[in-house]
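Please look first at the sequence and the structure.

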Amino acid sequence: MVEESEFDYIIVGAGSAGCVLANRLVRDGRFSVALVERGRMDVNRWIHIPATYFKAHQSNDIDAVLSEPDETINGKRFAVPQGNVVGGGSSVNAMIYMRGQADDYDDWENLHGCDGWGYKDVLPVFVRQEKNVHLGTPFHGQDGALVVASPEYKHPVNEIALDAALSAGLDWNDDFNGKTQAGAGWYQATAYAGRRQSAATCFLKPVVGHRQLTILTDTIAGKIRFEGRRATALEVKSGGEQRVLRARKEIILTAGSFHSPKLLMLSGIGPGAELNRHGIVPVHDAPEVGANYQDHVGTPVTYRLKENIGYQNADRGLAALKNGINYFVFRRGLLTSNLLAAGACVDTDGDGRPDVQMNFAPFAPGAPGEGPLSCHSFHVHPMTMRPKSRGRLMLASTDPEDPPKFEAQVLQTEDDLDTLRRGVRLAREICEQPQLKEILSEVIWPGPDVSTTVGSNTLDDAIRDQARTIYHPAGTCRMGTDDQAVVDIRLKVNGVEGLRVADCSVMPMLVSGNTNAPTMMIADRGADFILEDA
């Protein structure tokens with residue numbers, strides 16, 4: 001006999017969004033909440049030391065969704081790693097705290113019909129959520145749960161890189177989430193006092209053990225059950241056993257841009273032809289479920305360092321001993337760093353808004369999907385901020401444990417390719433400044449056989465070979481007011497009742513920056529709507 005349990009709310013996915021939402025609903029005090037997570041608790045010690053997240057990437061706490069061969073990147077498969085652990089991306093990411101531009105949210109409202117999602121509406125949510133150690137009003141809060149801080153460790157190579165960026169004509173920026181995003185400077189991060197400040201740490205841990213909260217880890221969500229058009233239960237599998245979770249009020253999907261649309265389709269909400277192909281009885285024909293896929297794409301420009309002053313071998317031998325003592329005894333030094341502590345946001349197309357983000361760091365990323373190169377090196381990593389290319393997700397099978405079929409199309413448009421061309425040229429210009437030329441040796445990518453001049457075919461081919469995810473998939477359950485939107489502006493799934501999506505998949509357009517902070521904002525607003533409707 002299948003075990004059944006009943007709760008007021010069922011949240012599917014304990015990533016950044018799910019942790020925020022669980023916190024809000026449990027703290028309200030009126031409702032029982034089940035939080036379902038396919039991964040385990042964040043017990044991996046490498047998660048919590050800021051500089052060692054790359055070791056967490058080598059564990060089962062992260063897995064990758066692999067695209068079909070993508071002709072826009074010379075037929076390669078586009079691999080997008082995803083957190084498979086409580087805290088989701090916030091437990092395994094590089095911790096950069098960047099919300100995007102004010103214009104992004106105004107575009108959601110003015111261009112995409114998402115009334116009430118303009119910058120004036122979302123800024124107060126960011127502020128109330130934040131416990132910023134170094135910055136305050138009007139753009140930052142200091143009384144919230146999410147700890148955000150400026151870097152505790154500043155690598156000397158990054159100091160030089162920022163000087164070079166100023167020499168190349170960029171302005172200094174003290175706050176990428178403040179009045180303007182443009183310029184170069186130090187990133188703020190969800191790391192403080194030598195510890196990662198994930199959504200699990202800041203939002204979920206304070207309510208773990210609450211009598212109204214049940215956390216189900218290592219549990220696969222299989223299918224949402226409907227009575228008529230109302231979502232009433234979730235079928236799950238845990239430890240090889242089937243179980244049914246019944247929802248008295250609502251089911252909320254916070255499983256991210258791959259797994260939220262996949263669960264909708266498995267449950268009968270999606271493109272009719274796609275559902276029929278898999279023998280799934282449609283509950284609601286929703287053509288855009290899985291569509292509108294978008295991601296930031298980057299191409300790191302890399303150089304060898306003349307001297308051994310980068311991150312290479314920092315986790316081995318005497319260097320590892322020194323770093324370990326500094327960290328475990330004094331809570332200082334390299335291990336307190338998120339490794340990507342400096343960067344820039346630049347307007348390269350002259351429209352008045354930064355369109356290229358650049359990360360600076362003293363190591364060389366390898367080919368897409370591979371680890372860093374084994375040499376002392378430095379890179380400037382330009383990436384698209386508002387990509388126009390769009391992909392799509394479909395079902396690979398009806399097995400809930402299978403990843404979706406994924407057509408990335410990441411450089412589908414000439415605009416995105418041209419943005420990366422401009423980004424690569426600017427990165428090379430920054431590296432040619434006297435400050436960096438003094439410490440840099442030969443260029444690794446693009447190599448000496450690649451011309452970066454305007455019109456270079458060799459650069460285009462090199463970009464397609466080098467292009468990789470920035471880990472920001474979004475848009476596959478698009479929010480809007482039109483008939484094709486997957487969710488409405490209160491995050492309710494159109495065409496059914498008792499079901500919402502409250503994660504980065506609802507973004508109508510990807511924000512100009514990292515997605516962790518906006519995802520938590522979306523979940524916080526979702527909690528507002530849910531509690532108002534309770």
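**Aromatic packing and the nonpolar core**

W108 is buried, with a relative accessible area of 1%; buried means under 20% relative accessible area, with a 1.4 Å probe and protein chains only. This is a predicted model, in which local features need pLDDT of at least 70, side-chain atom pairs count only at pLDDT 80 or more, and totals for chains, interfaces and linings use all residues. Residues are numbered from 1 along each chain as its sequence is written, and side-chain values use heavy atoms, leaving out hydrogens and water.

Which ring pairs with W108? The ring centres of Y105 and W108 are 5.0 Å apart and their planes stand at 70°, so the pair is edge-to-face. Here rings of Phe, Tyr and Trp (its six-membered ring) pair if their centres lie within 6.5 Å; planes under 30 degrees apart count as stacked, over 60 as edge-to-face and the rest as tilted. Y105 is also buried, at 1%. Together with W117, F126 and F529, Y105 and W108 form one aromatic cluster.

Let us turn to the core. W108, W117, L234, L264 and L499 touch the most other members of the largest nonpolar core, which has 88 residues. Such a core is a set of buried Ala, Val, Leu, Ile, Met, Phe, Trp, Tyr and Cys residues joined through side-chain atoms within 4.5 Å.

Finally, a charge: R525 lies over the face of W117, at 4.6 Å from the ring centre. The criterion is NZ of Lys or CZ of Arg within 6 Å of the ring centre and within 35 degrees of the ring normal. R332 lies likewise over the face of F330, at 4.4 Å.

Note on methods:
Buried < 20%, exposed > 50% of the residue type's maximum accessible area, 1.4 Å probe, protein only.
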